[in-house]
Amino acid sequence: MTITDMPQTAAPDTPVSRPPGRASDTPEKVSGAARGVSGPDKRKTIKPTRDRLMTALSLVAAVGGTLVGVIGFAMSYRTLAKVALSWGFSPELAPWFPVGVDASIIAFLALDLYLIRKNTAWPLLRMAAHAMTGATIWFNASSQGQIASDPVQAASHGVMPVLFVIGVEAARRLIIQKARLEAGTVADRIPLHRWLLSPVATPRFYRRMRLHNVTSYPEMIRRQQELIAYEQWLKRKYKGDISKASEDELLPMKMAPYGYTVAQALAMPDDQERAAQERKAEAARRRLEAETRSEVAKAKAEAEKLRAKGEVDLAQAEVDGQTGQARAHARAQVSAAERAAELELEALDKAVIAEARAREAEAERLEAEERKAAAEADKAAAAEAGAIETERIAQARKAAAAADLDAAELERQAAEKRKEAAEADRVAAAETQAIETQTIAKAREAAAEADRAAAETEKAAAETRRAAAEADRKKAEEDSRREAALADAARSREAAAEADRRAAETRRAAAEIERRAVEAEDAAKLSPRERAVRKVARMILGTEAGVAGQLPLSDIQRALEVSPGTASEYRQEAAELLAGGYRP
């Protein structure tokens, strides 16, 4: 080891403690002399003998403790019964007084041991048991009078309860120690000679052990020696000026008061960088999950929008149907009104024509009757003309003239009536035409109002269809954008998978190169240092530029578990090896 190499362990023969899960640390290394004296057969012989001895001692302690307890309680019972009688207890209650006192001691101690076994100790039980034991000792000691007058006699009466309590405390200590051994929380004691030889530094040493839960004394010694050795290494590296060291190199001294070992402190930057990368990856994962949830929410909102649009379209269809029905009904009403007006007009025309024809028929009938009367008169006049030619013919002619005059008058009256009928027909036709025009106007106005309402409904429907078309266009654009995003994500995943595949192939090729290199090194029977230098050379070739300066020393330290100085030497030798043409 060169002067710049940081020693891996400060004391090679220092026992290394087991992980914290074990109860105590047993030295892994023993001296060669001890190994030579006690071989495998010797150990196999000693272990059963030691087990039998421990069993015998346990039986002796149990029997002796029980015997001491029984004797002590028997003596205490008699003494306390007498004391109770002397204190005024009745003969019936006096024998129960010692039973209550001694039974309380046994109950409290037994319950304390049980709770300790369950890892739920309650100090009040132990203090109560000790208080009752003190009372028992006092009662026994004072049963023979004043303690000061005869202390030896008083002590003889109080010694048995004291012995019983000592036995119970020993059992309690044994149970606590066994529980700590099972839980792995037994802490080594600092040797007394250290307290005597280093009274100032040992309290700080003890404080660090307790604060950082280091239960092994050899482990704490090893940590202290590693820290001192690392500090000396830095002093040698920077020629006594540690202030020239980097922040990372000073971490072991800074973190030692917080329970960090040298290796843990040196690994802190890499661990923190790894933790930062993990946090970054976790943040990216959470961001991706948030984006996924957002996309899902958008998709749900879009689905709700489409559902609402469908309901709107359904309502619009219902409105269009109702509008069409109303329009058809209005058209039917207009058609019916027009047909009714036409029928009414035809009926009026027929009535006027019929009335005119009736008037003409009446006038013709009257004219025919007048002509008939005139013909009869002419016939009568012709019959009488032969007999009476003079006066009668004149009278007849006069009557004929009068009849002609009457016929002319009747003709005039008939003409007047026809004129009045024609005027009435004209007035009736004008009235009919006015009624028809008003009805048609009302019907046309109702039809125009219906057409206007239908036009407004059609306009609203057209606006709704335009909005639906706009929504469909936006949805199509959103779908195209989503499809493009999904395609981009798929391409990204495909590229990531391809990158992973290439990385896997690279790692496989690197593993294959490493395997061949190790086989070649085994065949060449290279030393560990030469193997390490070649491994560093392969690590340099694995970088992007293939330059030694691109390979961090921390990677070499982590891969080979060496100090920074050794890692630097390995990297320099690897660069020289690569310059000499080495290729794995």
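The legends below accompany close-up views of a predicted model.

**Figure 1. Overview of the chain in the predicted model.** The chain is 584 residues long, and 23% of these residues count as buried. Its secondary structure comprises 15 helices and 0 strands. When contacts between residues at least 6 apart in sequence are considered, 57% of them join residues that are at least 24 apart.

**Figure 2. Helix H13 against helix H14.** Helix H13 spans residues 528–541 and helix H14 spans residues 553–560, and their axes come within 11 Å while crossing at roughly 135 degrees. H13 is therefore oblique to H14, and the crossing of the two helices is right-handed. On the H13 side the residues that meet H14 are Ala532, Lys535, Val536 and Met539, and their counterparts in H14 are Asp555, Ile556, Ala559 and Leu560.

**Figure 3. Helix H13 against helix H15.** The axes of H13 and of helix H15, which covers residues 564–579, come within 8 Å and cross at roughly 75 degrees. An angle from 65 to 115 degrees counts as roughly perpendicular, and H13 and H15 are therefore described in that way. From H13 the contact draws on Arg529, Ala532, Val533, Arg534, Val536, Ala537, Ile540 and Leu541, while H15 supplies Glu569, Tyr570, Arg571, Glu573, Ala574, Ala575, Leu577 and Leu578. Ala532 and Val536 of H13 are among the residues that take part in this contact, and both are also listed where H13 meets H14.

Figure 4. H14 and H15 pack with their axes 9 Å apart and at an angle of about 105 degrees, so H14 is roughly perpendicular to H15. Leu553, Ile556, Gln557 and Leu560 of H14 meet Pro564, Ala567, Ser568, Tyr570 and Arg571 of H15. Most residues other than glycine have a negative phi. With a relative accessible area of 63%, Glu561 is exposed.

**Figure 5. Asn213 in the loop between helices H7 and H8.** Asn213 lies in the loop that runs between helix H7 (201–211) and H8. Asn213 is not a glycine, yet its phi is positive, at about 55 degrees. The residue counts as exposed because its relative accessibility is 62%, and the cut-off for that class is over 50%.

**Figure 6. Two tilted aromatic pairs.** A search of the whole structure finds 4 aromatic pairs. One of the pairs is formed by Phe89 and Phe97, which are 5.3 Å apart centre to centre, with 35 degrees between the planes, and this pair is tilted. Phe89 is partly exposed, with a relative accessible area of 33%, whereas Phe97, at 19%, is buried. In the pair of Tyr230 and Trp233, the ring centres are 5.5 Å apart and the planes are at 35 degrees, so this pair is also tilted. Tyr230 and Trp233 both belong to helix H8 (residues 217–237), where, being 3 residues apart, they are separated by about one helical turn. Both Tyr230 and Trp233 are buried.

**Figure 7. Arginine side chains placed over aromatic rings.** The charged end of Arg194 sits over the ring of Phe205, at 4.1 Å from the ring centre. In a second example, the charged end of Arg534 sits over the ring of Tyr582, at 5.7 Å from its centre.

**Figure 8. Surroundings of Tyr260.** Tyr260 is found in the loop between helix H9 (251–255) and helix H10 (262–266), and at 35% relative accessibility it counts as partly exposed. Once neighbours within four places in sequence are set aside, Tyr260 is in contact with Met255, Ala265 and Met268. Tyr260 and His212 are separated by 48 residues in sequence, and their C-alpha atoms are 8.8 Å apart in space.

How values were computed
Residues numbered from 1 in each chain as written. Predicted model: local features only at pLDDT ≥ 70, side-chain atom pairs only at ≥ 80, totals over all residues. Heavy atoms only, no water. Helix = DSSP H or I, 4+ residues; strand = E, 2+ residues; numbered from the N terminus. Buried < 20%, exposed > 50% of the residue type's maximum accessible area, 1.4 Å probe, protein only. Contact = heavy atoms within 4.5 Å. Phe/Tyr/Trp six-rings, centres within 6.5 Å; stacked < 30°, edge-to-face > 60°. Lys NZ or Arg CZ within 6 Å of the ring centre and 35° of its normal. Axes fitted to C-alpha atoms, helices over the stretch in contact; angles between N-to-C directions. Parallel < 35°, antiparallel > 145°, perpendicular 65-115°, else oblique. Left-handed = near helix turned anticlockwise from the far one by under 90°.
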